[in-house]
Amino acid sequence: PLPPPGGCASAAPRNQSEEASSADNKTRKATDYSDVPVIFLDLDGVLNTSRNSQYINVEADKCNRLKMIMDKTGAKIVLSTFWRKWKRYIAYVLSRYGIDPKSIVDITPGRGHIKKEVAPIIYESRSAEILAWLSMNGFPRSFVILDDREYAGLGVLKSRFILTGSDVGITNEQAGQALKILQLPCKKDDPVAKWLEVNGAPKPHSCKTIEGKERIE
């Protein structure tokens, strides 16, 4: 059972999965995000103070900061976390802190936590997964990336990336920075849009083509 808001919430260990799908987002219905601010959300090191937690857990003060960002901007969440295949459970956990479960609208493509036998598609980095999502879904009104891993905000994504400290999580100052970033609309001449126009969506790999190379999560 989950503790009441004010403590922390936890879930199943890493060796279980709730929503395995070999389709890997290929059969999703298109959704129009053009008028929606989006938060690409990591959990570990953002909503908690653990870099490699063995289970889903969040802390009240971090969730309150996330809720403040969402309340002030109307932003929705796309889960980019390693735990994203547990979308429904994460939505439930966050609902304990006043975040509408319906505001968790999607997950980034790629294997995430799912075993390679179930979901073999893998991207080179979390940045590539986010760029692939943008290519698949079109640009939201604005977006920000909250993550404690530098490879979530590489290259053209850097200006919309907030690097949290794994042992601190999202701070009040960073929540304020996220508000400012979400007030900057995505435009046709946005560097990210230009990059995708020139380079196309990042290409995923099968696990076989990169076998022996450990994926950094």
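Mentor: A residue is called buried when its relative accessible area is under 20%, exposed when that area is over 50%, and partly exposed in between, as judged with a 1.4 Å probe on protein chains only. By that rule Ser135, with a relative accessibility of 39%, counts as partly exposed.

Before going further, please keep in mind that this is a predicted model, in which local features need pLDDT of at least 70 and side-chain atom pairs count only at pLDDT 80 or more, while totals for chains, interfaces and linings use all residues. Residues are numbered from 1 along each chain as its sequence is written, and side-chain values use heavy atoms, with hydrogens and water left out. The term pLDDT stands for the predictor's confidence in each residue, on a scale from 0 to 100; its mean over the protein chain is 83, and 76% of the residues reach 70 or more.

Ser135 belongs to helix H3, where helices (H or I, at least four residues) and strands (E, at least two) are DSSP runs numbered from the N terminus. Once its neighbours within four places in sequence are set aside, Ser135 is in contact, meaning heavy atoms within 4.5 Å, with Leu196 and Ala201. Ala193 is 58 residues away from Ser135 in sequence, yet the two C-alpha atoms are 8.8 Å apart in space.

These residues lead us to the packing of two helices: H3, residues 126-137, and H5, residues 191-199, meet at an angle of about 80°, with 11 Å between their axes. Here the axes are lines fitted to C-alpha atoms, for helices over the stretch in contact, and the angles run from 0 to 180 degrees between N-to-C directions. Because angles of 65 to 115 degrees count as roughly perpendicular (under 35 is roughly parallel, over 145 roughly antiparallel, and the rest oblique), H3 is roughly perpendicular to H5. On the H3 side the contact is made by Leu131, Leu134 and Ser135, and on the H5 side by Val192, Trp195 and Leu196. Sorted by type, these residues are 5 nonpolar, 1 polar and no charged, where Ala, Val, Leu, Ile, Met, Phe, Trp, Tyr, Cys and Pro count as nonpolar, Asp, Glu, Lys and Arg as charged, and the others, Gly among them, as polar.

Leaving out neighbours within four places in sequence, Pro202 touches Tyr123, Ala128, Leu131, Ala132 and Leu196. Pro202 is also 8.7 Å from Glu124, C-alpha to C-alpha, although 78 residues separate them in sequence.

To place this part in the whole, consider the nonpolar cores, each a set of buried Ala, Val, Leu, Ile, Met, Phe, Trp, Tyr and Cys residues joined through side-chain atoms within 4.5 Å. The largest has 35 residues, and Ile39, Leu41, Leu47, Leu66, Leu94 and Leu146 have the most contacts inside it. Apart from that core lies another, of 17 residues, and this one includes Val36, Leu131, Phe161 and Val192.
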